[in-house]
Each structure stands twice: as structure tokens, then as C-alpha cells.
Amino acid sequence: MTVKAKHQRLTLILLAFVALLAAVLLAAYALRDQASYFYAPSDIAAKNVEVDRAIRLGGMVRRGSIAQAADGVTVNFIVEDGKGSVPVTYRGITPDLFVEGSGVVAEGRMNANGIFVADNLLAKHDENYMPRELEDMNLDEIKQQAESTVTQ
Amino acid sequence: MIAEAGLACLWLAAALSLLQLLAGGFSLAGKGAQLAPVIRPVAILQGLLVTAAFVLLIWLFLRTDLSVKLVAMNSHSAKPFLYKFAGTWGNHEGSMLLWVTIMGLSGSCIALLEKRLRSDTMIATLAAQAFVSIGFYAFLLFSSNPFERLPSPAPEGQGLNPLLQDPGLAFHPPTLYIGYVGLSVAFSFAVGALITRNVGPVFARAMRPWVLGAWIFLTLGITAGSYWAYYELGWGGWWFWDPVENASLMPWLAATALLHSVSVLATRGALRTWTIMLAVVAFSMSMVGTFLVRSGILTSVHAFAVDPERGSFILALLAIYIGGSLVLFAVRASTVREGTKFNYFSREGALVMNNVLLTAILGIVLIGTLYPLLTEAMGTKVSVGPPYFNPVGAIFALPMLLVMAAGPILRWRGDSGRRLVNLLALPALATAVTLLLVIIFGGSIGILPLLGLVLAVGLAIASVIPLFGRNLLRTPLSIWGMVIAHLGIAVALFGMASESAFNQEVLVASNVGDTHEVGPYTLTLNAIDPVAGPNWTALEANITAQVTGSNASEIITPQSRNFTSPTMQTSEAALLTRWNGQLYAVLGEENDDGRWQLRLWWKPFVPFIWYGGLLIGLGGLLALIGRTARDIKRRRYDMQDSDMQGEAA
């Protein structure tokens, strides 16, 4: 065990430490920018979400709101949470359990016209699966609220 | 009776692992030297008993014994045989039993096969293995008993999630688990070596095959899982940076680093404490992965348990094992003898760089995976995906590729810069030419796919340079293994970059009879037919795929399936694989006007991603065979060496 070997061990520890620190700082910096945040329809208006920022929007698909565009592969619909609503447009094949009155999480961004352009729709995979963000929402309550507003 | 017998086997195995731990502990403490000889047989018997329990559970699933809760909840009498069998581990309890079975069996394997380790290190290693097993036995027996009976048998089972009803289920989970749990062996070796202060080249050579084995299985398990997700989910993607995927990637990154540092320790006697640390980190990542996947903290097709009690149980195990081993490390690391000093510009220098960069990538993936969980605990919901992982990971992955190109060419102990420059001239030239070609003909592609493509070409050439000037028949298998594994990385990278650079997608609403063009193909929708399988019915599109401008054509049949028991709709993509890419077709819904939604992709060279994964695994296998053969030859020498160390200690 020479003094030089000890010196090298310190150098290596320092090197590993610097690399890890760089990784952590870089990660922290990138996460501030790149993490996409979850919003409910009522938050979108209240929090004034920037245009073109990657976000997730979650809520209920309003009954009677799903409309197919002429190209046959674009759907427009409205996501609501009882306190607010946002129009959404999505080009692609909708998930199997994407139906009116069910919960949905859409990944995408707001455009300048106030429409949410979804890149991806996460609906329920099966009866037992629920997008994580919707778990806290009381869907039945929202559904009732939404329905009562329609019938009035 | 079968369920009761299974439970009895499980309890007995748990009791034996306790005996194994106690016998090991006492004999190490010098208070029960007469106990030492029982440890190996006990470890072997424990492995056999837990395997018996697992076989009995498979038996219950094959018979669809509906008086057993687990079977009633997750199986169905009408399920095809393969899924009755593989469905054994398509649920929380069964998959945890698979986990401890593999752990028990690897304990048996150490006890049977490992003859090089000094006897006290061996005892400590088996005791550590038993210590880890006990926690998982307790988890199974107290909160996840797979053999629980129902008060009265269910009339029919609830079936298996249709997304899991795929041949992939028979292969992907066991492979990945062997990899995860195989790292527990490396962990036990590290703990054993720390306790008995026996970290050196002999120890590294003893540990290396286990690390290699675990790493091969992890590689294959991840490759299989990625391909399964690719064709089953129908989204055309092969990696989603889903936390569950990251949970398998993190142990792989740590195991890859460990594999390389073990090499330095075995060959040059350096990186002693670092190797021990990596072994601890690698298995910790396995356990973190298990925690993420099995605790119910994430919602996905992998997460079966939503019982918070189970989550806390796994978290407690995690804290005990990771915390305990880190404390042991902190106390003992300073007593590990200083390794040999080495020259930075050498093979071992490159391997150190490899380790540093892999660790940094591991850190980035770990932070990105845990960050959403942390912010959610504080009330903000966040999701972290490709926009974070791809660029941030690339910052460390790109230099990593350069080190990969140079490292295997460098000589151990020290090398000259001129030699390296001469040897790397060819790959550098190839990289430059590819860059030019892609810029001229490739159209506008992103910076990351561009770098990926050109570096893949350079790396592919650089990775075979170690074979230059060698008699190929006499080249050791371990060298072949390294070359093939590195080539596999280049091949996989090429597939990834090509997929993201040149992917073509067509999304249409199509009438029957319409034709569409995607990539080199012209596709005609001939008909939509109803079809039926054992436990599903489906609508099937009949599509003619013709290479544009030629007569050769084939029929592809994407389906939209409706499963009964449980009720669920899934889409089965149709794939057409060619040497230069894959055609990928998904059938969507019928619109009100009678048109059918079709989503069609041409993905150039996408299968290279999984060919690369297979090559990496094959490289590992060759290295394992080569190393083992060589180790058997030098075993006598090592045992003498080990005895001498024993006398000196």
C-alpha cells in the first residue's frame, strides 16, 4: 500500500463524486423543464397554463361531446371535472375503453386557440385499471354533477 | 392437500434458511465450528423445498383448483394450457414465490458449485444469502400466501388479464427474475467478503460467473419485455421510460458496471471497494425495482398488489437490506486492502471511465423514476418521460460509446496514444462517412438519432478490432464474448436511432378496397372478418401488403380482440419482418360511415434493437463459458492461493 495508491484512490473517489454530482445537477435542471405536470380542466383556466408546454390533462369525457372529424381518424371531445371544461383534439386510434362519461388522461399541450392537442390518450386498460391521476377524483360525483348540468 | 403440502414446503424452506443463517453466524463467531459442515447441505435442501412449493403451485394452476384463492382470482378453466402454466407467475403471490424459488435455487447452486472461495467467506456468503431469503419468505408467508384456501371453492375463476395472455408471459418474467435474483448472489458474495475481509482477485474470479449469469438473464429479460410491449400494446413504441421498465434497466446498468469492475479486480487487483459497493448497489436496484413494481405504488399491467400493507413490508425489507449492507460497507470498507495502482491510459483506466459513466446514467434514471413519486407525496402530480430521459441520458451515454470503442483496444497496464489513434482511424473514418451520407440522403433528422446512427457504425467497426491480427480459432471465448456483446450494443443502437429517424406512419380511415402506401409497401384492405379463439372473439382485417412496384405480396391480419373472462378489448398488431425493417399494422374502430381506422407504420431496421439485445446476451454467454472453462483449469492454483491467504489472515 503505497502513498501513490492512496492518492489514486482519492482521485478516483473524486472523479466518481464529480460525475455523480454532474448527473444529479443535470437531472435537477432538466426535471424543472421537462417533467410534465398534471392538470384538471378547472386548473387549466385558473393556472393559466403556457401554450406548448407538455402537460397531462385528466377528467371525464363529457357525454355527447365526442365528435369525429371528416378524416375519420381525428376525434374532438370535451374533458370536464364539474368545475371547468377543456376542448381536446386527438388524432389517432382511441383506446378501447375511451367512451363518453368515462375517465381519461390526455398527454399533450394547449395550443394558442385554447384547445388541448393530445399526443396520447390513456384511458382505463380494464375495469380494474385507472390512470393513477384519476384515482383521487371521485368520478361518480363528477359524473352526477355533469349529468345534472346537462338535464337542467 | 396439494396446497397444504406447498405451504408446508414453504415453511420448512423458511425454517431451513433461518438455520442456515444461525449456523453461519455462530460458526463465523467461532462458537459453533461443528455447525459449519451443515451449512452447504441445508442450503441445498432449502432450494429443493422452495422449488417443490413452486412446482406444487404450478400444479394447482394446471388443475385450476378453484378452492385456492390465488387460482380462483387469476385463472379460469377455459384458459389455454400455456397460460394456465405461465399464469402461475402472472400475479403478485405467484411471482413472489418465483422470486424466492430462484433465490433458493441460486443458494443451492453456490453450495454445490462454488469451490474456490475460502471456507469462512463461503460460510458468510451462504449466511448472507439466507438472511436475504428470510425476509422474502416472511413477506410471502405473512402477507402474500399463495396457497390460501377459499372458505368454499369458487364456481369459476376470474381469469388472467388478457394483456398478459401471450407467449411472452412464459419467458419474460422468469428470465428477468433470474437476473434480478442472480444479483442477490453477487450481493451475498460482497457481504461475505466484507465480513471475512477477503476481497481480492480470487474472490473476483469466484464472483464473476454469477454476475455474468445474472447479467445475461437481465439482458434477455429486458429485450423480451421490450419486444413484448412493442407488439402487444399496439402503440408502435418499444421503450416508454415507464417506471416499470426503468426498474429493470437500473439493475442492468449497475450489473453492467459491476461486470466490468469485477474484470479489473480479477485481472489487476484494483477497484476492490468499488466492486463491493457496486455489488451492493446492483442488488439494491433489484429490490428497488421489486418495490416499485410490486408495492402497488405504480399502476400498470405489472402491478398486481394494491395492498398498502405489502408495500410497507417490501419497503421495510428494502430499508433493512440496503441500509444494513451500507452500514457494513461503511464499517468495513476501510479495512479492505488497497488495490494495485494503475495507469489511467490503459484498459483498466477505460473500464473506470465506463463505470463512472454507467453510474451517472444509473443516477439519472433513478432520479427520473423517483422524482414523480416524491413530488406526488408532496402533492404535485408530475410525469417524467422521454423529453427528460433521452437528452439527459445521452449526455453520458455518448461519451460512454466513445469509451466503449477505445477501451477494448487498449492494453492492460498502459498503452500508447499513437497505437490507439492508429487503430481507431478506421472506425473514425467510417463514422465520418456515415455522417456525410446521412446528412446528404437522410433528410432532416434529429440530433440524437443522427449521432446514434453514426456512432453505431463507428462502434460496430471498433468493437471487432480486438479480433484483428488474431488467429480466430485460437481466440479465447471471453474475447469473442466481449466483441459480440459490444457489437450487440452497436446493432441495438443502430435499430433505435433508425427507428426514431426514419419511422413512417400512416393513419387513415379506410373503406374496404382502398389502398394506402407506407414505406416500401402498398397495402390494400380486402375485408374485415369475424374470427374466434379459445377465449376471445375478434374482428380481423385482411390486408394485402405488396412491395410497391413488385408482384410479391403477403396477407397480414391485424385484429381487434374481445376477451371473455375477464372482459376486455385488446388490439393485436400484425407484423411483417424484413431484413431492412418491419411493417406494423393496427386495426382500430369502425367509424359511423363504415370506414375502418388503420394505423400503419414502416419502421426501418427496428428489429435490430432486439437482435442487438440477443447478441449482447450471446456475448455474455460466450464469456461465461470461456471464463468458466479457464477457471476450472486454474482452480488448483487458486485453491493453493486461497489456502495461503487463509494462513496469512
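## Chain A at a glance

Helices (H or I, at least four residues) and strands (E, at least two) are DSSP runs, numbered from the N terminus. With that in hand, chain A reads α-β-α-β-β-β-β-β-β-α along its sequence, which comes to 3 helices and 7 strands. Keep in mind that this is a predicted model, where local features need pLDDT of at least 70, side-chain atom pairs count only at pLDDT 80 or more, and totals for chains, interfaces and linings use all residues. Residues are numbered from 1 along each chain as its sequence is written, while chains are lettered from A and ligands numbered from 1 in the order in which they are written.

## Where the chains touch

Two residues are in contact if their C-beta atoms, placed from the backbone, lie within 7 Å. By that rule, 40 residues of chain A meet 37 residues of chain B. The top contributor on the chain A side is α1(A), with 18 residues. Sorted by class, the chain A side has 22 nonpolar, 8 polar and 10 charged residues (Ala, Val, Leu, Ile, Met, Phe, Trp, Tyr, Cys and Pro are nonpolar, Asp, Glu, Lys and Arg charged, and the others, Gly among them, polar).

## Two helices crossing in chain B

Now for α2(B), residues 36–63, and α5(B), residues 92–113: their axes come within 8 Å and cross at roughly 150°. Axes here are lines fitted to C-alpha atoms, for helices over the stretch in contact, and angles run from 0 to 180 degrees between N-to-C directions. That crossing makes α2(B) roughly antiparallel to α5(B) (over 145 degrees; under 35 is roughly parallel, 65 to 115 roughly perpendicular, the rest oblique). The residues where the two helices meet divide into 13 nonpolar, 8 polar and 1 charged.

## Two loop residues with positive phi

Leu271(B) isn't a glycine, yet its phi is positive, near 60°. Leu271(B) lies in the loop between α9 and α10 of chain B, and is buried, with 26 other C-beta atoms within 10 Å.

Phe605(B) also has a phi near 60°. You'll find Phe605(B) in the loop between β11 and α17 of chain B, and Phe605(B) counts as buried with 22 C-beta neighbours inside 10 Å.

How values were computed: Buried ≥ 20, exposed ≤ 12 C-beta atoms within 10 Å, placed from the backbone.
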